[in-house]
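Subject: Structure handover

Hello,

Here is the structure you asked about. Please open it alongside this note; my findings follow below.

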Amino acid sequence: MAKRIIVKVPDPILTKKCRAIDKFDERLWMLLDDMKDTVKAANGAGLAGPQVAVLKRVCVVDTEDGYFELINPVLKSQSGEQVGLEGCLSVPKKYGTVKRPMKVTVIAQDRFGAQKKYKVDGFTARAFMHEMDHLDGIVYTSKATDIADEE
């Protein structure tokens, strides 16, 4: 396992749509392990493939609700609304206010290809949506109502 370099804006890889993962092998497992090490070392809540220069539909989320590995995630339902500050490891020292759903249901595969269903809410729902946006080339700054420098 190793810590990977986090891609920062304005790198164009952050604006590209990712491809689905179809091989659940040692390379994927190593990527997931590296992403876990990287997000923990950076003290982040999540990390997506493009943020480590991999254009694959994979992300990890690490919140008070646990650690999640999401491969080929699909949003199945959402409800409610929350508005709050977001930051991003690819946009250092900046924060912005973003509107997200309060609850989401996501279907994703695990590292072995098995389908999983996640029902999460609050900050974890925010983190799921933030990371899934990265898989479609969307950085939170395009959704934020205001962007401010970290104080």
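Is Lys-17 buried or exposed? Lys-17 is exposed, at 58% relative accessible area. (Buried means under 20% relative accessible area, exposed over 50%, and partly exposed in between, with a 1.4 Å probe and protein chains only.)

Before the rest, some ground rules. This is a predicted model, where local features need pLDDT of at least 70 and side-chain atom pairs count only at pLDDT 80 or more, while totals for chains, interfaces and linings use all residues. Numbering runs from 1 along each chain as its sequence is written, and side-chain values use heavy atoms, with hydrogens and water left out.

Salt bridges

The structure holds 13 salt bridges. (A salt bridge is a side-chain nitrogen of Lys or Arg within 4 Å of a carboxyl oxygen of Asp or Glu.) Lys-17 pairs with Asp-136, and their closest N and O atoms are 2.9 Å apart. Lys-17 sits in the segment before helix H1 (26-41) and Asp-136 in the loop between H2 and strand S8 (147-149), so the pair ties together parts 119 residues apart in sequence. (Helices, H or I with at least four residues, and strands, E with at least two, are DSSP runs numbered from the N terminus.) Asp-136 is partly exposed, at 32%.

Next, Asp-33 and Arg-111. Their closest N and O atoms are 2.8 Å apart. Asp-33 is in helix H1 and Arg-111 in the loop between S6 and S7, 78 residues apart. Asp-33 is partly exposed at 23%, whereas Arg-111 counts as buried at 17%.

Asp-133 bridges to Arg-100, with the closest N and O atoms 2.7 Å apart. This pair links helix H2 to strand S5, across 33 residues. Both Asp-133 and Arg-100 are buried. They also belong to a salt-bridge network with Glu-86, Arg-126 and Lys-143.

Nonpolar cores

In soluble globular proteins, nonpolar side chains tend to be buried together. Here the largest nonpolar core has 27 residues. (Such a core is a set of buried Ala, Val, Leu, Ile, Met, Phe, Trp, Tyr and Cys residues joined through side-chain atoms within 4.5 Å.) Among the residues with the most contacts inside this core are Phe-68, Val-104 and Phe-128. Helix H2 (122-135) is one of the elements giving two or more residues. H2 gives the most, with six. A second, separate core of 13 residues includes Ile-21, Leu-28, Leu-47 and Val-54.

Best wishes
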